[in-house]
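Please examine the structure shown below. The paragraphs that follow consider how its parts are divided and how they meet.

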Amino acid sequence: MYKEIVRFIREAHKTPEAFLPLHEPRFVGNERKYVMDAIDSTFVSSVGAYVDRFEEMMAKAVGAKYAVALVNGTNALHICQILAGVKPGDEVITQPLTFIATANAISYQGAIPHFVDVEEDSMGLSPSALRKRLELIAKVEDGKCINKMTGRRIAACIPMHTFGLVARIEEIVEVCNEFHIPVIEDAAESLGSYSGEKHTGTIGLLGTFSFNGNKTVTCGGGGAIVTNDEALAKRAKHLTTQAKIPHRWEYAHDAIGFNYRMPNLNAAMACAQLEMLDQFVENKRTLAKEYQAFFKDLNKVTCISERPGTTSNYWLNALRFTNKKERDEFLLYTNDHGVMTRPIWKLMNDLEMFKDCPKGELVNARKLDNTIVNIPSSVRI
Ligand SMILES: *Cc1c(COP(=O)(O)O)cnc(C)c1O
């Protein structure tokens, strides 16, 4: 069976022999032109026309009022917590099944991750597990949500749209609203993914994106915050620019700020890549359909597909095996045969740094742990 799978994946990528990576970027648009233009302009650092242009393009691409460009997606998560009012010693709810950046960013703010289970289908935070957990441990006092077990405030919730599949984000926001918890969507993997007509990242208070080399759209390294709240957008720009008070020559600052602004050089590339977004997503969705048709007939392995009512960018296609043994055999066979595959991240609560963090019952996360594998998912251009 593994032999057939490898043959199919290779055929789908027209790569009969060479090493086949999980996700390769493609630069076939205006990347060179815009980057050269940025160099010629001498504006290569964090001020420049491409930064402004990228922020406009990004806001338009996701249908948010504002977008702020940052150096990466991890920083975007950090800043969003400050914007949402997370203070050191607070708890921030997130899912155990995510890339480490989500949990790390919570730690950067001196806050404590609190892990709540995911759903089996979307692999995103489960609104029903969230409700159950909050009803068990939380109380609302003076408009603040307090964890009765620890006495700490639950100051934010960061669900993540896993592999570009869309979490039940409206329901998550509804539960969080009841408990006075602001929602920050980690949409790093889901540029081009929609819940109904709404782009991921625009349904909570704030949303974050990443333009790292392995993401759907890349500018080497980059991130963005999106929001419909003007005051938050202004604050994001201010805090990420060393909290410098705008003035023609004075250097004065009114807070401890961060040097998190995206350089114009990267923004030039980001503009060119964003022009390709629709085509990239279309290609990725076509590949996903081909995978789904192929795996439909195979026992023992399922190809994960989008939920009805959602549109996935299929950033990384994922297979689900029935047990760890079969998953490990598949990982070994594919990687031995030059087809890169990768298991899903280790659960955050199993990592040394986060093993003592508060958590709910993680039933689905445990089921998914050791059974999910990502397979090659490039744009095929
Ligand atoms: C990629 C990613 C990030 C941010 O990554 P950066 O490399 O800092 O841009 C954050 N969260 C998730 C889930 C990611 O996949």
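Domain bounds, as used here, come from an automatic or database domain assignment. For this chain the assignment gives domain 1 (2-26 + 277-346 + 370-375) and domain 2 (31-276). The model is a predicted one, in which local features need pLDDT of at least 70 and side-chain atom pairs count only at pLDDT 80 or more, while totals for chains, interfaces and linings use all residues. Residues are numbered from 1 along each chain as its sequence is written, and side-chain values use heavy atoms, with hydrogens and water left out.

The C-alpha centres of domain 1 and domain 2 are 27 Å apart. Contact, meaning heavy atoms within 4.5 Å, involves 28 residues of domain 1 and 36 residues of domain 2. The size of an interface is often given as the accessible area lost when the parts come together. Here the buried area (the accessible area, with a 1.4 Å probe, that two parts lose on being put together, summed over both) is about 2,500 Å², with 58% of it on carbon and sulfur atoms.

Side chains of opposite charge can pair when their charged atoms come close. A salt bridge is counted when a side-chain nitrogen of Lys or Arg lies within 4 Å of a carboxyl oxygen of Asp or Glu. The rule finds one salt bridge across the interface of domain 1 and domain 2. Polar contacts (pairs of N or O atoms within 3.5 Å; within protein, one must be able to donate a hydrogen and the other to accept it, and residues adjacent in sequence count only if both atoms are side-chain atoms) link 18 residue pairs between the domains, both residues being at pLDDT 80 or more.

Helices (H or I, at least four residues) and strands (E, at least two) are DSSP runs, numbered from the N terminus. On the side of domain 1 that touches domain 2, the elements giving two or more residues are helix H10 (277-295), strand E13 (310-311), strand E14 (317-321) and strand E16 (372-375). H10 gives the most, with six residues.

Two strands are taken to pair if DSSP finds at least two bridges between them. Strands E12, E14, E16 and E15 form, in that order, an open sheet of four strands with antiparallel pairing. Strand E12 (301-303) and strand E15 (342-343) are at the edges with a single partner strand each, so one side of each is left without a neighbour in the sheet. Three bridges join E12 to E14, and Thr-302 has Arg-320 as its bridge partner in E14. The side chain of Arg-320 also meets that of Glu-120 in a salt bridge (2.8 Å, N to O).

E13 belongs to another open sheet, of three antiparallel strands in the order E9-E8-E13. Two bridges join strand E8 (residues 194-195) to E13, where Thr-311 is the bridge partner of Tyr-194.
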